[in-house]
Amino acid sequence: MDCGKKINCKLFIDEKYYKKLNATGKEIFIYDEASGLYYSYFSAEACSEEILYSCIIAYCEITVIGFNNIYNITDQVDLSCDIFRLGTSKQHFTLLITITYPDQTEAFHDMMTFEIIKNTSSSFNFKLLGDQTIFSLDQLSHAF
């Protein structure tokens, strides 16, 4: 990848996820009549795949997480995200979201799965396929 070059990225979401966004988030996405999907775009550094995925994480933290009221993200919330490839497919990746709310000791998680639609030297398009609703990984105590 060329460090002096930017990659044009497009994030696609369907109407289900668009409806979950607050007013600010909805302003970022544009409706595409041909596909029936909403998309937003951003530029990312083209130095390495690692930098590209860091840009994707940052963009998703703002658009589909920060502007989604279900997560209730504020300045006091500790939010972190990591990208994983689950399984053998190189066309899909998963964003693992970890959220710790103020005055909470347990962390909550969500997983968003994306499909890579287009990946060239000048563009990277990906679509949100689904998520896992917020869950906790804390073990349940067997002592009642």
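Modeller: What follows begins with the cavity, then turns to the cysteines and ends with a serine.

The model is a predicted one, and in it the count comes to one cavity of 30 Å³ or more. The volume of the largest cavity is about 30 Å³, and its lining is made up of Y17, L21, V64, N68, Y71, M112, L128 and D131.

As for the cysteines, searching the whole structure gives zero disulfides. C55 takes part in no disulfide, and the nearest cysteine sulfur to it, belonging to C9, lies 7.2 Å away. C55 counts as partly exposed, because its relative accessibility is 21% and buried would require a value under 20%. For C60 the closest cysteine sulfur is that of C81, at 7.8 Å, which is too far for a bond, since a disulfide needs the two sulfur atoms within 2.5 Å. C60 is buried, its relative accessible area being 1%.

The serine is S80, which sits in strand β4, spanning residues 78-84. With a relative accessible area of 32%, S80 is partly exposed, because that value falls between the limits of 20% and 50%. Leaving aside residues up to four places away in sequence, S80 touches E61, L96, I97 and T98. The C-alpha atom of S80 is separated by 9.7 Å from that of H109, a residue 29 residues apart from S80 along the chain.

Technical notes:
Residues are numbered from 1 along each chain as its sequence is written. This is a predicted model: local features need pLDDT of at least 70, side-chain atom pairs count only at pLDDT 80 or more; totals for chains, interfaces and linings use all residues. Side-chain values use heavy atoms; hydrogens and water are left out. Helices (H or I, at least four residues) and strands (E, at least two) are DSSP runs, numbered from the N terminus. Buried means under 20% relative accessible area, exposed over 50%, partly exposed in between (1.4 Å probe, protein chains only). Contact means heavy atoms within 4.5 Å. On a 1 Å grid over the protein atoms alone, a cavity is a set of points where a 1.4 Å probe fits but cannot get out, and a pocket is an open set with protein on both sides within 12 Å along at least five of seven lines; lining residues have an atom within 4 Å of a point. Grid points are joined across faces, edges and corners, and a volume is the space filled by probe spheres set on the points.
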